[in-house]
Each structure stands twice: as structure tokens, then as C-alpha cells.
Amino acid sequence: FTMGKISLWVEPSAEVPWDTDVTLRCRVPVSSLEQAALNRQYTIYRGSSAIVSKTSNTSDDFLHLLPRVRFSNSGKYQCAVKIEETLKYSNTKKLTVTGLSTPVLSVDKVQVNEGEEITAKCSAPGETGSIFFSFYSNATELVEKQEQSDRVEVKVHLGSAGLHQIHCRYTVMLSPDTFGSQDSNISNSVNVSVTELPIEPVLVVAPEQQIFEGDTLSIDCSISSLQWSQGNVSVFLSQANHLLAYGTNRVQLSLLVRAGDTADLECTMEVGRVTKAVSKRVPVGELFSAPRLTLAPSEVFQEEPMTLTCRSERFAPERLRREDLTYSLVSVGHLLQPGANGVFVGKSLSHDFNYTCEARAKGLSKSSPVLTVRPKVAASVPRIWVKGRAILGRPVRILCQSDSGSPPINYTLLRGWEPVDTVSVQLPSQQAEFTVGVSSSAELSRLTCEARNSPRKAPRSPGLDALVVEPLTEATLTVIPDPADISEGDHLILICGVNGTPPITFKWFRSGQETPLHAITVDKNTSDFQIQHLSQGHSDSYHCQALNYANLILSPPLHIQGAVRLALWKKALIGGVCLLAALVLALV
């Protein structure tokens with residue numbers, strides 16, 4: 001046998017209104033050589049779930065009726081046919097059911113007292129599937145409940161007194177394979193009247209005005225009718241979310257108010273599910289402000305006199321006189337002597353120290369914030385020195401620094417008693433730098449440095465002790481013996497001299513050579529270099545070079561070319577040879 005394409009139809013149409021009878025028609029063409037009927041197993045699916053399965057041995061279409069369909073019948077349907085071992089599926093067909101039945105609301109009572117509940121019922125006639133029912137009072141949702149049936153019953157607390165218009169509605173959720181939901185219309189409305197309880201909380205506070213910290217309030221929290229006979233009433237007295245007292249029908253309390261309090265008092269009563277509250281805000285005035293501790297002078301140095309003053313800036317003159325406030329100093333390990341009320345005198349320590357003080361009046365005490373006294377260190381006698389070298393005629397950089405002292409420190413450079421310049425140093429271990437011009441060592445020694453970071457007399461350094469380097473001038477190259485008297489084999493002494501400050505490095509050069517013949521550093525203004533055993537090969541130009549911390553100069557060249565005379569034995573030998581040559585010529 002062979003199976004043709006399986007077809008599925010939704011009748012009367014793929015989209016129908018609710019309460020319509022819908023038929024699913026499944027058809028499969030089968031060709032067979034045998035006369036015997038083949039068994040066909042039909043299965044109808046909605047999404048991935050099989051909703052019906054049936055076996056038939058006729059060739060008629062398989063029909064499945066969905067009577068009076070609802071929104072929950074919406075979804076995608078498919079037909080599967082199995083003959084022996086062959087299984088085939090149709091294409092999916094989507095059924096859309098529009099509309100929902102209108103919900104119906106009923107309640108058991110339309111007149112209740114405040115705090116009582118009503119029983120409310122909501123039905124969705126004929127609807128199936130997963131249904132969420134919601135109940136409303138006016139526009140406010142009261143409760144929601146899920147059911148798998150078309151009706152629900154709930155207990156509802158309506159809350160405040162007055163007329164409540166109750167209605168319900170529902171939402172039908174499709175299966176997880178299908179997804180989607182649809183909301184119903186609003187049900188009929190039922191009016192329920194809630195009668196207010198004839199009692200309410202009462203809060204009495206005495207006194208109500210001119211209350212200051214340290215005062216005691218008498219507080220009474222009760223109900224308006226202490227003869228209420230319909231059960232006990234729980235009352236609660238609280239302040240700023242803090243429960244102070246609770247009881248039945250009435251509670252009374254004495255409350256000591258503190259600094260900074262604003263007595264937000266609330267009296268709450270509870271009867272069943274009814275809760276009512278009344279509140280009062282009782283402002284509490286400040287009797288006196290927290291003291292403030294101040295230091296004089298504002299900058300104090302180690303082991304120097306200081307004064308601490310403790311003072312409350314504000315107080316209530318209608319309750320307190322300034323003289324009623326007393327002050328005490330709180331410190332551990334360093335006592336100051338009390339002077340006038342709130343004034344304490346003594347010497348500062350050599351390290352940081354914390355102080356606080358207390359103000360007292362009418363049994364109340366308040367503490368000041370912590371005052372940390374950080375004594376400054378007076379600047380020590382500064383040191384003064386030259387940065388690099390002091391060279392005559394050039395700007396000289398001079399450094400000044402105290403080994404100890406709290407910044408900022410003002411350093412002043414003086415020439416004699418005349419200030420030259422002032423530099424302010426903001427960081428510890430920072431040096432003050434000055435630039436001056438000098439013309440002699442004597443002028444440099446007149447420079448001193450002064451360090452000031454306090455009103456006391458500023459310490460002053462000794463005079464600057466530094467060498468002034470005079471640049472080199474007038475380089476000369478002198479030769480011994482005189483060039484006119486130089487002979488072969490003599491020793492030649494080249495003397496280089498300059499004006500300027502040693503140490504000086506001397507170098508002697510032969511013309512055309514970059515490498516010196518000799519170099520030496522000496523602590524004087526002259527030096528010499530000796531050329532031994534002169535010969536004609538030493539005839540040339542020579543010069544010297546001088547270098548100190550200030551500059552480098554060259555001497556003029558000295559020429560000793562052709563000035564080396566022959567030695568006496570060479571002269572005698574030449575004379576003998578000449579005489580012998582003359583005798584030979586005469587004999588010939």
C-alpha cells in the first residue's frame with residue numbers, strides 16, 4: 001500500500017467566535033493491492049500534546065468535534081496517521097477563538113462593619129484552562145487567585161469605611177506550547193457599604209509648647225471610648241519607628257526628651273484587622289549647644305604657651321543663664337590649668353595631642369568635637385652652601401636649609417645686613433635656592449641665610465664659606481734655556497704659567513698632534529715639562545693648555561724650529577774631514 005499526503009481542515013474556519021462548534025477533518029488517500037481494509041490509527045495534536053487518538057478501518061475522513069469552543073481551545077493543530085509501520089503527519093493548522101464570556105460576581109454581604117470580611121465569588125461561564133481571577137474595590141486590586149476551573153471563591157477585607165464598588169475580571173492563559181493570553185471584560189459591580197468603628201485613637205502630650213531637652217513629657221495613648229464593649233483594643237505608643245509602650249485600651253508614659261529630638265509620637269490602635277493611628281510632632285528646643293574647643297594662638301610651637309577655650313555658642317535664655325554653664329577639659333596625660341570659666345592655659349607638648357571639653361547645665365552634659373593640637377617645630381639654624389661652583393663673574397646658585405622646622409619656612413638671603421631675596425618653602429626637606437652674582441671671595445663670605453617660621457627671632461647661618469674660582473687668563477709658554485743657546489743633546493724645559501684659581505690641569509702639545517706630550521694637575525699657577533736629549537727632530541712649534549673649574553685657555557705657540565745647533569764633536573769632525581779633503585786636492 002501507499003499513503004498519500006495527509007490533509008487537515010478546520011471547519012467552519014480557522015478563526016471563530018467563542019461558543020462555536022468546530023470540527024477538525026483529517027483525510028489520508030491510501031492505495032492498496034489487497035481487498036482487505038487497512039487499519040488507520042488517527043491522532044490529533046494541539047501543540048505537542050495529543051488530544052485524541054482513534055483507530056478506523058474505513059477510508060472515510062476522520063472527524064473530531066470541538067463543541068462550543070473557548071479561548072483555551074486556540075492553538076496549532078496537527079493530524080498524524082499510522083498504517084502498520086508507516087507514520088505520516090499533516091501540516092499544522094492554527095485555530096483562533098475570539099472573545100471570552102463575561103464574568104459574573106456575587107458577594108455574601110453588602111453591609112459590613114469596618115474590619116469584617118466578605119466572601120466574593122467570580123465565575124467565567126464555560127471557560128476552561130488556566131484562569132487568573134482578580135477582584136477589585138473601585139480601581140484598586142484586592143486579591144488575585146489562579147484556578148483550573150471556571151469559578152473561584154475568596155475572602156476579601158475591604159479596609160477603610162465607606163462605599164466600595166466591587167467587580168472582578170479574569171485572564172485565560174494558553175498552554176506553554178502555545179503561549180498567549182486574553183483578558184475578559186469587567187464583571188457586574190456590587191456595592192458594599194463599610195461602616196466605620198465608633199472608636200479612634202487619642203494622643204495627649206503635656207506640655208505641648210516650650211519644650212527643651214531635659215524636660216519630661218507626660219504621654220497618654222488611648223481610645224476615644226474607654227467604655228468600648230466589643231472586645232479589647234490593642235494600643236501602641238511609638239516614637240520615630242521605636243516602640244515605647246503597648247497595652248489594652250490605654251497606655252501612659254513619661255518620656256525624657258534629649259538633645260536633637262523632635263518628638264514624632266504616634267498612637268496606634270488595632271481591632272481585628274482594623275488599624276488606626278494618630279500622630280503629633282512635638283518640637284524640642286536646644287537648652288545649650290555642644291561646646292566648641294578653640295586654640296590660641298592658632299599656630300603653636302613646641303613647648304610654647306597656649307590657651308584652650310571651651311564655649312557653647314547658643315543657649316536658651318528663657319531657661320538658662322550664661323553663668324549656669326560650666327566647662328571642663330577632658331585630656332589624658334596632659335593637664336592644663338583652668339583660668340576663667342571655660343579657659344585653660346599651659347604649654348604645648350612636643351608631639352600631637354587630642355583634647356575635648358564638656359559643657360554642663362541642669363543635669364545635661366555635652367562634649368565638643370576632638371581638637372588635635374599639632375605643635376609646630378621652630379626652624380633650626382640654617383645651613384648655607386654653594387650649589388656647584390662659585391665662579392667669578394658668573395651667577396652663583398646658593399642653597400639654604402634648616403635641618404628641622406615645620407613648613408612653611410621663609411628663607412632670606414642677606415648680604416651683610418641687607419636682604420637680597422626671600423624664598424618660601426612649603427615642603428619638608430625642601431631647600432631654598434638663590435641666584436646672585438659675586439666679584440670676589442670676600443663678597444661671598446658676607447652672605448648669610450635666615451630661616452623664619454614663627455614670630456620668634458629667626459635663626460641665622462654663619463657667613464658662606466666657599467671658594468670663588470677665578471677664571472684663567474694670560475697663558476704663557478716659556479722655554480729654558482733660551483732658544484738661541486739650544487744645542488743637540490741639551491735638555492729643554494717648557495714652563496706653562498697662567499693667572500687664575502688652582503687646581504689647574506696643564507697639558508703640553510706639539511703642533512699637529514691631538515695627544516698631549518704631558519699632562520699634570522697642580523695646586524699652583526705654573527708647571528713645566530722637560531724634553532731631554534734634543535735633536536733636530538724636536539724642531540717644531542709647541543703650546544700649552546690650562547684648565548680649571550672655570551674655563552680652559554691656550555698659550556701662544558712657541559717656535560723652536562731650526563734652532564738646535566750641532567754638538568762640538570760633530571763640528572770638529574766636519575772640520576777635520578774638510579781639511580783632509582783640501583790636502584788630497586793639493587797633492588794631486
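Two strands count as paired here if DSSP finds at least two bridges between them, and strands themselves are DSSP runs (E, at least two residues), numbered from the N terminus.

1. Before you start. This is a predicted model, in which local features need pLDDT of at least 70 and side-chain atom pairs count only at pLDDT 80 or more, while totals for chains, interfaces and linings use all residues. Residues are numbered from 1 along each chain as its sequence is written, and side-chain values use heavy atoms, with hydrogens and water left out.

2. The domains. The assignment divides the chain into domain 1 (2–98), domain 2 (104–195), domain 3 (201–282), domain 4 (291–369), domain 5 (382–469) and domain 6 (473–560). Such bounds come from an automatic or database domain assignment. Between the C-alpha centres of domain 4 and domain 6 there are 83 Å.

3. A record for residues 471–555. An unreviewed UniProt entry gives this span the feature "domain: Ig-like"; UniProt annotations may be inferred rather than shown by experiment. In the model the span is 52% strand and 0% helix, and its end C-alpha atoms are 15 Å apart.

4. The sheet with β45. Three strands form an open, antiparallel sheet in the order β44-β45-β48. Its edges are β44 (473–480) and β48 (526–531), each pairing on one side only. From one strand to the next the twist averages 15 degrees, with axes fitted to C-alpha atoms and angles running from 0 to 180 degrees between N-to-C directions. Strand β45 (residues 492–499) is joined to β48 by six bridges, and Leu492 has Ile531 of β48 as its bridge partner.

5. The sheet with β38. Another open sheet of three strands, also antiparallel, runs β36-β38-β41. Here β36 (383–387) and β41 (432–437) are the edge strands, and the twist averages 30 degrees from one strand to the next. Six bridges link β38 (residues 395–401) with β41; Arg397 is partnered with Thr435 of β41.

6. A salt bridge to look at. Side chains of opposite charge can pair when their charged atoms come close. The whole structure has 30 salt bridges (a side-chain nitrogen of Lys or Arg within 4 Å of a carboxyl oxygen of Asp or Glu). One of them joins Asp61 and Arg25 at 3.2 Å, N to O. This pair links distant parts of the chain, 36 residues apart: Asp61 is in the loop between β7 (49–56) and β8 (62–66), and Arg25 is in strand β4 (residues 22–27).

Terms used: Helices (H or I, at least four residues) and strands (E, at least two) are DSSP runs, numbered from the N terminus.
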